[in-house]
Amino acid sequence: MKKFSDLKLILLIGGLAFFFMQHTIQRYSVDYGEVVEQYKQPSKYWPKPIIDASVQWMELEAIEQDSNYYETQELPEVMLGKKLFFDPKLSASSQISCSSCHNPEMGWADRQEVALGHDHLQGKRNTQSLYNIAERKSFFWDGRAKTLEEQLLGPISAHNEMNMKPEKLAGKLAKYTEYRELFRDVYQSDKITFDKIAKALATFQRTIRSQPSKLDKFIKGDYKALSDKEIYGMHVFRTKAGCMNCHYGKYMTDESFHNIGLTYYKREYEDLGRYNITKDPNDTGKFKTPSLRDLAYTAPWMHNGLMDDLYGIVSLYNSGMQMINPTVEEKRADPKFPVTDHLMKPLNLNEKEVDALVAFLESISGSYYKMPRPEIPRK
């Protein structure tokens with residue numbers, strides 16, 4: 001009888017605990033309302049986004065699985081480019097490869113604030129991921145390169161990155177029989193030139209693509225792929241938060257340049273951004289809009305890598321960023337005085353909206369393939 005009484009007591013206590021747990025869950029659970037149901041249909045029927053009148057936006061779009069990925073990786077020019085990408089012989093010290101800063105297991109970036117290169121010299125800007133680089137319209141944070149081949153010259157020759165003189169690189173690689181054979185297989189000549197090196201590297205990098213995420217599955221009709229919280233976060237992203245003024249379309253970027261208030265003008269972290277390329281005072285402090293694809297793998301963020309927490313970033317945008325609006329007299333006296341983009345405004349997001357927006361941002365990263373490193377020519 002005692003055992004039976006003990007069992008009843010246990011069940012009673014357990015039942016009460018379950019009741020209070022359920023009551024607590026219901027008390028603190030969040031109801032995201034009817035807006036969530038409005039998204040469980042093709043995107044053309046979604047609620048209209050809130051977009052500035054000056055923006056030529058595109059709706060969010062799903063990416064497809066690259067069904068030819070493995071076959072593409074076996075193409076001779078891609079295989080050559082891959083070996084070059086992972087080969088530290090491309091640097092003057094033979095210690096630094098392209099993969100030193102663009103590690104496939106780190107989202108094709110390096111997870112550092114700024115790049116670390118030759119002689120442990122630090123760069124000034126955060127390493128950008130190579131995901132979907134074939135779709136970029138310009139390269140670097142300031143857009144100074146127009147093609148991927150042109151972009152490659154920068155890190156290879158920079159004294160604080162690979163510190164290699166391009167005119168000497170071809171001769172260095174030509175000492176290796178395997179490289180001469182690889183170049184002959186691809187270009188029908190064993191004569192190695194920097195242009196061929198750049199072409200092979202670019203060909204390989206164009207194969208680096210995002211894998212579909214939960215968001216992509218949802219857009220394609222799997223309406224259980226996202227939680228209600230994530231769907232509500234997408235609604236906030238498209239409406240009240242104004243994110244789609246700059247982050248839209250398949251790759252969630254407008255491929256343009258904006259001053260979001262992080263110029264640090266005349267302070268320790270000063271970086272004038274695109275102005276250094278165009279010399280146009282209106283470009284002071286402008287940096288390229290990064291793609292949000294796979295951002296979960298590419299922290300820290302921003303051009304200077306100073307942000308490593310999504311809640312912190314959303315809170316920063318929520319505050320309106322650092323609004324810099326010089327007077328007419330200040331601008332006349334200093335034409336380079338940076339002006340924050342007119343798209344930056346206080347968002348007035350509440351705690352529920354911030355939490356949902358972060359959840360949505362975390363949902364747009366797909367699983368990534370851990371690429372095995374190729375055998376590097378040794379002789």
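An unreviewed UniProt entry places the feature "binding site" at C98, C101, H102 and H118; UniProt positions follow the numbering used here, feature names are shortened, and annotations may be inferred rather than shown by experiment. The model is predicted, with local features needing pLDDT of at least 70 and side-chain atom pairs counting only at pLDDT 80 or more, while totals for chains, interfaces and linings use all residues. Residues are numbered from 1 along each chain as its sequence is written, and side-chain values use heavy atoms, with hydrogens and water left out.

Binding-site histidines

- H102 is found in the loop between helix 4 (76-86) and helix 5 (148-157), where helices are DSSP runs (H or I, at least four residues) numbered from the N terminus.
- H102 counts as buried because its relative accessibility is 17%, buried meaning under 20% relative accessible area (1.4 Å probe, protein chains only).
- Not counting residues up to four places away in sequence, H102 touches F85, W108, A109, T127, Q128 and L130, contact meaning heavy atoms within 4.5 Å.
- H118 lies in the loop between helix 4 and helix 5 and, at 14% relative accessibility, counts as buried.
- With neighbours within four places in sequence left aside, H118 contacts S93, I96, H159, N160, E161 and N163.

Note on methods:
Helices (H or I, at least four residues) and strands (E, at least two) are DSSP runs, numbered from the N terminus. Buried means under 20% relative accessible area, exposed over 50%, partly exposed in between (1.4 Å probe, protein chains only).
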